[in-house]
Amino acid sequence: MPPSFSHNFDTDYFKGKTEFSTGIFINNEWHCGSENTTIDIINPTTGKKLTSIAEGTAKDVDLAVAAAQKAYDTVWGLNKPGFERGKLLIRWAELIEEHIDELAAIESLNNGKIFPDAKGFDVTEAAATLRYYGGWADKNHGKVIETSESKLGYTRHEPFGVVGQIIPWNFPLLMFAWKMGPALATGNTIVIKPSELTPLSALRATQLAVEAGFPPGVINVVTGYGKTVGHAISSHPAIEKVAFTGSTLVGREIMRQAAMSNLKNVTLELGGKSPNIIFEDADLDAVVRWATHGIYFNHGQTCCAGSRIYVQRSIFDKFQEKFIAHIKTIQLGNPLAQGTTQGPQVSQTQFDRIMGYIQDGKKSGAKAIIGGEQHGSEGYFIQPTIFTNTTPDMRIVREEIFGPVGVLVPFENEEDIIRIGNDTMYGLAAAVFSKNITRALNVAHRLKAGTVWVNCCNLINPQLPFGGFKQSGIGRELGDYALTNYTSVKCVHVDLTGKV
């Protein structure tokens with residue numbers, strides 16, 4: 001029997017029972033891994049074991065690919081009209097909304113994010129993404145292209161077939177939906193690996209996909225480690241496309257494996273070190289709240305976190321005073337308890353990594369003006385931390401920390417901040433705050449980033465593309481741009497004359 005998870009929630013936000021399989025999902029059936037081994041799932045709030053999941057292997061990926069190929073050849077892809085694929089995606093979105101509190105509670109328990117964010121952002125946007133792509137399923141088509149009266153030329157947007165997907169631990173259900181939506185809408189079948197740290201919400205959502213009516217083999221979920229399952233997906237000869245969200249370091253390896261196997265089409269959404277730029281004419285009270293949200297949303301475990309906070313020198317001291325006062329209102333604690341505004345980091349490994357950066361910053365001469373220590377003695381809690389007195393070469397300024405740690409740095413003028421803002425190997429996101437919209441847009445246009453927020457930050461919509469410049473990735477998630485990730489364009493030439 002495959003492993004399963006059962007839990008009775010009795011929290012401030014949700015009271016009820018959840019129960020579902022934590023096995024490997026192939027062909028609409030739950031299985032043990034081929035070697036009958038499991039992986040422990042740890043509750044980040046306590047540091048103690050929560051449950052176990054099946055540990056997949058390359059053999060399980062082979063089985064999943066075979067099931068996906070059979071489904072593509074018989075019941076999905078070009079065998080299932082787009083409007084029917086769309087109806088299934090929309091029904092899946094409805095079921096996720098019907099179970100929104102349960103899924104949010106699972107996400108909070110497994111990942112450590114606070115329940116209001118899990119419900120109001122993660123689960124809500126996951127459903128919205130699936131519904132959005134349900135609407136696109138019968139509208140992603142080619143076109144007739146005029147050449148001459150003696151010839152008909154037209155294009156078709158055809159699915160790849162079996163696609164592989166690998167998603168991270170920071171937004172487990174949302175990333176699941178970001179990958180599923182466009183791939184299913186365009187007619188592909190899927191073999192996906194959720195993070196071995198936070199797979200529970202994706203597994204519960206997969207159960208709802210069966211209820212929605214997806215045929216066997218269309219969606220296949222193989223849990224396991226990146227070095228085994230992830231490697232098997234990115235190097236599998238029968239997978240024509242792989243999509244990955246995670247670190248730039250791992251993204252390079254995914255790309256190498258994809259190239260060395262069968263030259264897969266690759267989409268990568270990778271790391272960031274986003275500048276949050278605050279000009280002297282910005283609404284100071286509003287920008288303090290936005291800057292706090294920019295770095296501490298999801299406990300800093302966000303690829304687009306505004307971790308480099310640049311403030312024009314004339315208002316630097318005043319901003320710092322208000323900013324620190326606002327940070328002090330953050331309440332660390334149980335993510336399922338009312339009043340908590342920051343939960344734990346996701347794992348011991350991530351906790352140690354962040355604390356290592358904090359210690360390195362202190363040793364390098366930076367000053368932690370708030371935070372800089374562990375919070376409590378149980379779980380993986382870290383105080384919200386801000387450094388000043390930094391230099392551009394410090395690791396805390398240049399490297400992605402992926403935690404509640406930011407640097408606060410003054411700048412002089414527009415030219416100065418454009419140079420500083422672009423001084424990074426990343427280019428995922430940026431934010432600009434100014435009442436002068438001409439200046440704000442000029443800076444936005446000159447920053448080398450895939451997303452630039454003006455007078456806001458960390459706002460994501462299914463209709464708008466998301467992805468990076470430079471070493472922050474290849475391709476775009478969301479919007480109609482994501483549809484191009486999952487189709488190949490075929491051009492058909494038809495002679496109308498009958499002559500050679």
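Which residue in β8 does Ser 148 stand opposite? Ser 148 stands opposite Lys 151.

This is a predicted model, in which local features need pLDDT of at least 70, side-chain atom pairs count only at pLDDT 80 or more, and totals for chains, interfaces and linings use all residues. Residues are numbered from 1 along each chain as its sequence is written, and side-chain values use heavy atoms, without hydrogens and water.

**The sheet**

Three strands form an open sheet in the order β7-β8-β22, with antiparallel pairing. Strands (E, at least two residues) and helices (H or I, at least four) are DSSP runs, numbered from the N terminus. Pairing requires at least two DSSP bridges between two strands. The edge strands, β7 (144-148) and β22 (487-495), each pair on one side only. Neighbouring strands are turned by 25° against each other on average, direction ignored; the axes are lines fitted to C-alpha atoms, and angles run from 0 to 180 degrees between N-to-C directions. A hairpin joins β7 to β8 through two residues.

| Strand pair | Sense | Bridges |
|---|---|---|
| β7 and β8 | antiparallel | three bridges |
| β8 (151-159) and β22 | antiparallel | nine bridges |

Pro 159 is partnered by Thr 487.

**Helix α13**

Helix α13 spans residues 414-421. Its buried residues (under 20% relative accessible area, 1.4 Å probe, protein chains only) are Asp 416, Ile 417, Ile 418, Ile 420 and Gly 421. These buried residues pack against β14 (275-278), β15 (308-312), β18 (405-411) and α14 (437-446); contact means heavy atoms within 4.5 Å. Asn 413 caps the N-terminal end, with a side-chain oxygen 3.3 Å from the backbone nitrogen of Glu 415.

Notes:
Buried means under 20% relative accessible area, exposed over 50%, partly exposed in between (1.4 Å probe, protein chains only). A polar contact is a pair of N or O atoms within 3.5 Å; within protein, one must be able to donate a hydrogen and the other to accept it, and residues adjacent in sequence count only if both atoms are side-chain atoms.
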